[in-house]
Amino acid sequence: MRDTVAQHLNALSDDRCRDVLHSCCGSRRWVRHMLALRPYPDDETLFRRAGTTWWDLDPADWLEAFAHHPRIGARGTKGWAEQEQAGMAGAGTDTRDALVEGNRAYEQRFGHIFLICATGRSGEEILTALYHRLRNDPGTELRLAAGEQAKITELRLRKLVDS
C-alpha cells in the first residue's frame with residue numbers, strides 16, 4: 001500500500017518538505033505556513049489547509065507563485081509544467097503564435113503571466129480562455145488567476161505520491 005500525500009509530506013525533513021511544497025506552489029509564504037501546519041492528519045485536511053492558506057495570502061504572494069510558472073505554450077517546458085501543458089503538443093503553429101501574442105497582451109494588461117490549469121486542455125481551449133480573460137478587469141483577473149494557481153497546487157500535491 002502506498003503512502004498518502006499527508007504521510008509522504010509528514011515523513012520528510014523540514015528542508016526536504018520545504019523544497020517539495022515549493023515545487024507545488026512558488027509562494028514562499030504559502031510554503032512557510034504549510035510547514036507550520038504539519039503534521040497533516042490525512043489528505044483531506046492537507047488539501048483543505050493548502051486551499052485555506054492560499055486564499056489567506058496577499059496578492060503579492062499570489063504574484064510570487066505565478067512567477068514560478070513558464071508561459072503557456074513556451075517551448076522547452078520541463079517537469080510538471082510539461083505534463084500539465086501536454087495538450088499544447090498537438091497545437092498548430094497558428095495556435096502557438098496566437099498564444100505568444102496573447103501572452104504578451106495579457107502580461108501588458110495585467111502585469112503577470114497568464115495562468116491557467118492546463119491539465120486536460122487543448123491548445124485551442126487555452127487560447128480561447130486567454131482571449132476571454134483578456135476582457136476582465138485587473139481585480140477580477142487576479143482572483144481568477146489565483147483560483148487557477150490553487151487548482152494547480154492541489155494537482156501537484158496529489159502527484160507527489162505518484163512521482
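**View 1. Helix 4 and the helices it packs against in this predicted model.** Through its buried residues, helix 4 packs against helix 1 (5-11), helix 3 (28-36), helix 5 (59-66) and helix 9 (138-159). Look here for Thr45, Leu46, Phe47, Ala50, Thr53 and Trp54, the buried residues of helix 4.

**View 2. Helix 4 from end to end, with its N-terminal cap.** Helix 4 runs over residues 43-56, and its end C-alpha atoms lie 20 Å apart. That agrees with expectation, because 14 residues at 1.5 Å a residue should span 20 Å. At the N-terminal end, Asp42 provides the cap: one of its side-chain oxygens sits 3.3 Å from the backbone nitrogen of Glu44.

**View 3. Trp30 and its contacts.** Leaving aside residues up to four places away in sequence, Trp30 touches Leu21, Cys25, Ala50, Thr53, Trp54, Leu57, Thr153 and Leu157.

**View 4. The largest nonpolar core.** This core holds 44 residues, and those with the most contacts inside it are Leu9, Leu21, Trp30, Trp54, Phe66, Phe114 and Leu157. Elements giving two or more residues to it include helix 2 (14-24), helix 7 (93-110) and helix 8. Helix 9 supplies the largest share, five residues.

**View 5. Asn136, a buried loop residue.** Asn136 lies in the loop between helix 8 (123-133) and helix 9. Its relative accessibility is 14%, so Asn136 counts as buried, the cut-off being under 20%. The side chains of Asn136 and Glu141 are joined by a polar contact of 2.7 Å. Beyond four places away in sequence, Asn136 touches Arg109, Phe110, Glu141 and Leu144.

How values were computed
Residues are numbered from 1 along each chain as its sequence is written. This is a predicted model: local features need pLDDT of at least 70, side-chain atom pairs count only at pLDDT 80 or more; totals for chains, interfaces and linings use all residues. Side-chain values use heavy atoms; hydrogens and water are left out. Helices (H or I, at least four residues) and strands (E, at least two) are DSSP runs, numbered from the N terminus. The expected span of a helix is 1.5 Å times one less than its number of residues. Buried means under 20% relative accessible area, exposed over 50%, partly exposed in between (1.4 Å probe, protein chains only). Contact means heavy atoms within 4.5 Å. A polar contact is a pair of N or O atoms within 3.5 Å; within protein, one must be able to donate a hydrogen and the other to accept it, and residues adjacent in sequence count only if both atoms are side-chain atoms. A nonpolar core is a set of buried Ala, Val, Leu, Ile, Met, Phe, Trp, Tyr and Cys residues joined through side-chain atoms within 4.5 Å.
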